[in-house]
Amino acid sequence: MMNKPASVDAPVLEVFHEFWNAYKSRDMEAVSSLCVPEITFFGTGAHEKACGLEELRRLMALDVAQMPNPFRVEFLWIRVLNNGSTAWVESEAVLRINVEGKELELPQARSTVILVNRNDKWLVGHIHGSFPSVDQGEGEAYPIEALKARNQELERNVAERTRQLEQKTNELQEALNSLKETQNQLILSEKMASLGQLTAGIAHEIKNPLNF
């Protein structure tokens, strides 16, 4: 297959970089202007998905609220697949963000941006961006070891919580037993006091006739 001229991909890359420049500058209006209305998006988080420009705008509003400051993007590599009507731009980049006055480097971000040609103008139709999983170990297809460790930690937490609840239950039972014992002593004291008053009254009634 013959290699296509680089100039064929130039308009695609121009829109791709324009999209990223607007995004890292936190200019979400400019980002929206580069997307088709039916754009779709998938991110790393379970909630990071959008079907349509309005849903994407809501996600971007949350994005800006959490990280309002512009950040830097350094692309490690970019690959373009272009058939004239649709183009795929795959890339891996390092994001450097400013948090409380300190620049932090995020794990290497991976993205696939699909662009569609509408009336000789390239627009973004789909975005898939994610960060590598810190749970998935080298050589693992799934984060099995991390899931095992998390499950073991959960079991330890449940066991510790159960122990604390049992200890609290025992303390409450001891307090209840002490309360019942105190209550019984009070009842007995009241009975003895009442019996003493009754005995004194009877003795008084017996003594009066004898004196007479």
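Q: Where does Asp63 sit?
A: Asp63 lies in helix 3. Helices here are DSSP runs of H or I with at least four residues, strands are E runs of at least two, and both are numbered from the N terminus.

Q: What kind of model is this, and how are residues numbered?
A: It is a predicted model, where local features need pLDDT of at least 70, side-chain atom pairs count only at pLDDT 80 or more, and totals for chains, interfaces and linings use all residues. Residues are numbered from 1 along each chain as its sequence is written, and side-chain values use heavy atoms, with hydrogens and water left out.

Q: Back to Asp63. Buried or exposed?
A: Asp63 is buried, because its relative accessible area is 19%. Buried means under 20%, exposed over 50%, and partly exposed in between, with a 1.4 Å probe and protein chains only.

Q: What does Asp63 touch?
A: Leaving out residues up to four places away in sequence, Asp63 touches Tyr23 and Arg26. Contact means heavy atoms within 4.5 Å.

Q: And Leu56, what is that in contact with?
A: Cys35, Ile39, Phe41 and Ala50, setting aside neighbours within four places in sequence.

Q: How many residues are in the largest nonpolar core?
A: 36. Those with the most contacts inside this core include Phe19, Leu56 and Val124. Such a core is a set of buried Ala, Val, Leu, Ile, Met, Phe, Trp, Tyr and Cys residues joined through side-chain atoms within 4.5 Å.

Q: Which element gives the most to this core?
A: Helix 1, with seven residues.

Q: Why would nonpolar side chains be together?
A: In soluble globular proteins, nonpolar side chains tend to be buried together.

Q: New topic. How covered is strand 4?
A: Mostly: 10 of its 14 residues are buried.

Q: Which way do strand 3 and strand 4 run?
A: Antiparallel, joined by 10 bridges. Strands pair if DSSP finds at least two bridges between them.

Q: How many bridges join strand 4 to strand 6?
A: Eight, and these strands run antiparallel. Ala93 stands opposite Ala109 in strand 6.

Q: And strand 5?
A: Four bridges join strand 4 to strand 5, also running antiparallel. Asn98 has Glu103 in strand 5 as its bridge partner. Their hairpin has two residues between the strands, and Glu100 takes a positive phi near 55°.
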